[in-house]
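Here's a quick briefing on a two-chain model. Take a look at the sequence and structure first, then read on.

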Amino acid sequence: MTQLIVMSAYLVLLLGLGLLSHRFFRGTARDYFLASHSIGPVLLLMSVFGTTMTAFALVGSTGEAFRAGIGVYGMMASWSGLIHSAIFFLVGIRLWAIGKRHGYITQIQYFRDRFESDTLGLLLFPILVGLVIPYLLMGLLGAGGVVRSLTRGAFPEVFAATQGGVPPWLSGLFICAVVLLYVFFGGLRGAAWANTFQTCVFMVTGLIAFVVISSKLEGVVAASERVLEAHPERLIRGEEITQLQFLTYFFIPFSVGMFPHLFQHWLTARSAKTFRLTVVAHPIFIMVVWVPCILIGVWATAAIMPDGSPVVPSGVPPNTELAIMVQKLTGPLLAGLLGAGILAAIMSSLDSQFFCLGTMFTHDIVTHYFGEARFDDRGRVRLARCFIVGVVAVTYLLSLAQPRHVFTLGIWCFSGFASLFPLVFASIYWRRVTRPGAIASVVVTAAVWLLLFQAGDYGGDRGYLFLGMMPAATIFACSLVTLVGVSLFTAPPSEKTLNKYFPRKQLGGAAVAAAAPVAGG
Amino acid sequence: MKKKAVYLAILVLAVLHQDFWFWDDSTLLFGFLPVGLAYHAVYSLVAALLWYLALVFAWPSDAEAFAEQAPEETARE
């Protein structure tokens, strides 16, 4: 019960923060959707980091380390540290400049204009929305598992089916309601503030969890030595992860370049320099969060209770390993605090994703096809709020279906986004990329993704590899080859469009505004 | 030149990710940290350092000026 009170208090605090941010709302659509480009370095770092770290980072990484060992860090975290920062630096700053100059709010607005193609926008919309929804589900499934495990035994009569734990349908409902309220009122500023607070909470509580759990296991040395005796295969990569699989995880973090919610966060930056802290600190933050989670997951394989039973029995439901460790090894107050930290990590992604989908429906469908002039600022904000409510409701209902492993669901979702990365990169750096090339690339990406997703039993086959590689490698390659091949065989884009995105340099030396280096044709 | 050196260092770091030499090594550094995990934790720190150098030597100074210029066409808002 104590755990539930602490977690509930945290959610109420979060709600208060969201409502407070509403007091700073300037009443304009630009302020609601982009916080008037006013976000500084610290808020940008925290909101971008909080958004990219999900249930996947905490709950999924611990669970996967429990099953596959330490290789999970090398596959996901260290690649992410390198590649995410590369994308913030090489793509994020450029898109911020283009977006600010041309007044974009959504990714699809940019692609539509960049490739002079309404068709491309129509094609991308269902794909991006379809990929964000599993990402959202990851959050809700992760949160449901955590709350159920942490509150086990609190309500033995009311929730007998879940051994007295709060069932996922109820915790999901509560979490959705809280996120919905602060995003509804606070807009993207509310999400950025909440993300900052939540990122602080989950980083601090994660470290506390690490210290407390390790002390309960008689110290870090004893905990690791126990693993060395009982499950040494968890301390190496060995047979669990192949060399090719490890290598081709390289492609997964490219997903960050195509997350529509991250595009929107980038546009909130006050200036290009605002990105500097994010570029440098992101890999460090990843390390601070992931290393303890991986160690806890590995320790869980050999941790035993005083009566000799395993702390985490084999065959526990997916995504519950971290919560079980916390619940069994710490007191109720600390378990509640750590539960709040896990919820913080999960909710700091949910809010941006809910908000982004609402923004996309508003701008990419309604105002685009019914005419921007028909909606004033207040009308657009009202419309977005209605869509956000709809998106939250649909996601919640979908989360009630049977869950897959958070980690596996995430990999497929990230693979889809990652395979669209050549499109965004070419749109910034390659003048010769064409509309048919872009459309063909998106179609091929979607088709190959669907084929492989089907072959992988729709996420059910957790170890699915194609030709021994992560499916993302094949989809990425198909996307890239199609983009380049079709572009080279079709007419180049109009001079007007190129001038808009690749401005010429003035004769006499000084650059007019070269947002992107001239490359290719 | 410095810009190219930074990008080259980042490429080298990407190659060094495939640490096959620690693949089956279960040594515990400081008695608790598996060497394969320690390597990649340090890898993250080196990545941060190299991106710091990229900010110093390869900063896209034109981006800010581009953002502030009025677009040729009417902005959306």
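This is a predicted model: local features need pLDDT of at least 70, side-chain atom pairs count only at pLDDT 80 or more; totals for chains, interfaces and linings use all residues.

Residues are numbered from 1 along each chain as its sequence is written, while chains are lettered from A and ligands numbered from 1 in the order in which they are written.

**Chain A**

- Chain A has 20 helices and zero strands; helices here are DSSP runs of H or I with at least four residues, strands are runs of E with at least two, and both are numbered from the N terminus.
- The radius of gyration of chain A (taken over C-alpha atoms) is 23 Å, close to the 24 Å from the globule rule for 521 residues, so chain A is as compact as a globular protein of that length. That rule is 2.2 Å times the number of residues to the power 0.38.
- Along its principal axes, the C-alpha trace of chain A spans about 80 × 50 × 40 Å.
- Of the 521 residues in chain A, 60% are buried, meaning that 20 or more other C-beta atoms lie within 10 Å of a residue's own; exposed means 12 or fewer, partly exposed is in between, and C-beta atoms are placed from the backbone.
- Helix H17 (residues 421–429) of chain A is mostly covered, with eight of its nine residues buried; among them are A:Phe421, A:Leu423 and A:Phe425.

**Chain B**

- Chain B runs α-β-β-α-α from the N terminus on, and buried residues make up 23% of its 77 residues.

**Where the chains touch**

- 39 residues of chain B are in contact with 49 residues of chain A, contact being C-beta atoms, placed from the backbone, within 7 Å.
- Helices H1 (2–15), H2 (35–57) and H3 (62–68) of chain B each supply at least two residues of the side that touches chain A, and H2(B) gives the most, with 13 residues.

**Two loop residues with positive phi**

- A:Glu116 has phi near 45 degrees and sits in the loop between helix H6 (107–114) and helix H7 (118–150) of chain A. A:Glu116 counts as partly exposed because it has 14 C-beta neighbours inside 10 Å.
- A:Glu218 has a phi of about 70 degrees, in the loop between helix H8 (168–216) and helix H9 (220–230) of chain A. With 11 C-beta neighbours inside 10 Å, A:Glu218 counts as exposed.

Key:
Two residues are in contact if their C-beta atoms, placed from the backbone, lie within 7 Å.
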